[in-house]
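User: I'd like to go through the labels on this one and see what each of them rests on. Can you take my questions in turn?

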Amino acid sequence: MGAADHIEPIEKASIDEIRALQLVRLKDALSRAYERVPPYKRKFDSAGVHPDDLRRLDDIVKFPFTTKDDLRANYPFGMFAAPMQEIVRIHASSGTTGKPTVVGYTKKDIETWAGLMARSIRAAGGTSRDKIHVAYGYGLFTGGLGAHYGGEFMGAAVIPVGGGFTERQVQLIHDFKPDIIMATPSYMLAIADEFERQGLDAANSSLRVGIFGAEPWSEGMRIEIERQMRIDALDLYGLSEVIGPGVAQECIESKDGPTLWEDHFFPEIIDPQSGAPLAEGETGELVITTLTKEGMPAIRYRTRDLTALLPATARSMRRIDRVRGRSDDMLIIRGVNVFPSQIEAVLGKDERLSPHYVLELRRPERLDELDVVVELRAAFAGKLSGAEIDEAGRNAEHLIKSYVGVTAKARIVPPGTIERSQGKAKRVIDFRAKT
């Protein structure tokens, strides 16, 4: 095993060492933002704070939050802290709900990002001897290139397939025999279905590890992926506005939630409504401050991801709980807060139902109505009577009411009915504006 395959010393450093490093880097990050990014200077001045006011780590609560609206208001390059001649890469979000959020990277940022992704792949059990099949999308989306650079940084052989062309994905996995696959979890299920369609046994593929991120996914989906593919399925966390994938990674020896790389990111958990800080272990919104980002530092960036900070296990750094959803993805159905991941977890309790589902929202009169459309598992197709399928639907409705607290109508549809995603799965179809 080469040097590139070993755990970095900082991953096993003492808590005191990690906190001391964070304090030094946090002071530098605040100064860089204040001195080089006019929107940050205006926000700090308006809040009556200065970088010199940070003397301890918990002083960070004195500083204002940054939101996606700040990035959009300063579109495209107004949040950059480096001149354009020092920017070597520009990524952006899809911009489906407004202007895209744009992120800039210096050469050092790219090296930092590649190193963090390499660390993440190692934590998932990857080595320099592995072949890595990258099925994340390339382009402005950070997933593909983040995984790609991380794999190359650690000396692995990267297969840059990208998203889509699912039939070809299966052919290349069969022919190239990769050890690791990196994709969204929902797309991994689509690839597993394609194995079956081609008459191949996915469980006998060369794959050993799957590193999945870019969307919330449940423990039930992990179990489903591991059952179909016979691999270890591990959670990767990141977001473009902070750096991309590689902010946190689940370790293969514990599989108990992603370890957040605290030498590069300072985490907080806040109440999504009030913004007040929450204690370790309490669920709330994750807020991240970048500690080493040059091109575009993020100060107290509100990720909208709902999770909790948990004690360290496999590494010295703290973990985050599995992201249950995003505060801006939350549905309010007749006064009940509902996350798609909650529905997904409930559906997984019935072996007759597959993990392929979509939520349809309607308002035929004054009240919202929720339809849960879920596929019958292929193993049961043609084996259940109409009455038995109806019973599966009633059971799904009962589970949703019991565990989520909302009344829904379940529709069981044949396998292959729901469109497969090549990237982030579209879980909600809102017809309310059209009715």
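Predicted model: local features only at pLDDT ≥ 70, side-chain atom pairs only at ≥ 80, totals over all residues.

User: Why is Arg 319 called buried?

Analyst: Buried means under 20% relative accessible area, exposed over 50%, partly exposed in between (1.4 Å probe, protein chains only). Arg 319 has 10%, so the buried label applies.

User: What makes the Pro 311 and Arg 319 pair a polar contact?

Analyst: The rule asks for a pair of N or O atoms within 3.5 Å; within protein, one must be able to donate a hydrogen and the other to accept it, and residues adjacent in sequence count only if both atoms are side-chain atoms. Here the backbone oxygen of Pro 311 sits 2.7 Å from a polar side-chain atom of Arg 319. With contact meaning heavy atoms within 4.5 Å, Arg 319 also touches residues including Asp 256, Leu 260 and Ala 308.

User: Why do Glu 224 and Arg 377 count as a salt bridge?

Analyst: A salt bridge is a side-chain nitrogen of Lys or Arg within 4 Å of a carboxyl oxygen of Asp or Glu. For Glu 224 and Arg 377 the closest N and O atoms are 2.6 Å apart, which meets that rule. Glu 224 lies in helix 8 and Arg 377 in the loop between strand 19 and helix 10, so the pair ties together parts that are 153 residues apart in sequence. Helices (H or I, at least four residues) and strands (E, at least two) are DSSP runs, numbered from the N terminus. Both Glu 224 and Arg 377 are buried.

User: How do you know that Arg 304 and Glu 285 pass too?

Analyst: Their closest N and O atoms are 3.7 Å apart, so the pair falls within the salt-bridge cut-off. Arg 304 is in strand 12 and Glu 285 in strand 11. Glu 285 has 0% relative accessibility and counts as buried, whereas Arg 304, with 27%, is partly exposed.

User: What makes Arg 420 partly exposed, and what is Glu 375 by that rule?

Analyst: Arg 420 has a relative accessible area of 26%, hence partly exposed; Glu 375 has 2%, so that residue is buried. Their side chains meet in a salt bridge at 2.7 Å, N to O. By the salt-bridge rule the count comes to 41.

User: How do you know what counts as the second largest pocket, and what lines it?

Analyst: On a 1 Å grid over the protein atoms alone, a cavity is a set of points where a 1.4 Å probe fits but cannot get out, and a pocket is an open set with protein on both sides within 12 Å along at least five of seven lines; lining residues have an atom within 4 Å of a point. The volume, about 470 Å³, is the space filled by probe spheres set on the points, which are joined across faces, edges and corners. Of the 24 lining residues, the closest to the centre are Ala 192, Asp 193, Glu 196, Gln 228 and Ala 378. Helix 7 gives the largest share, six residues.

Technical notes: Residues numbered from 1 in each chain as written. Heavy atoms only, no water. Lists of a residue's contacts leave out its neighbours within four places in sequence.
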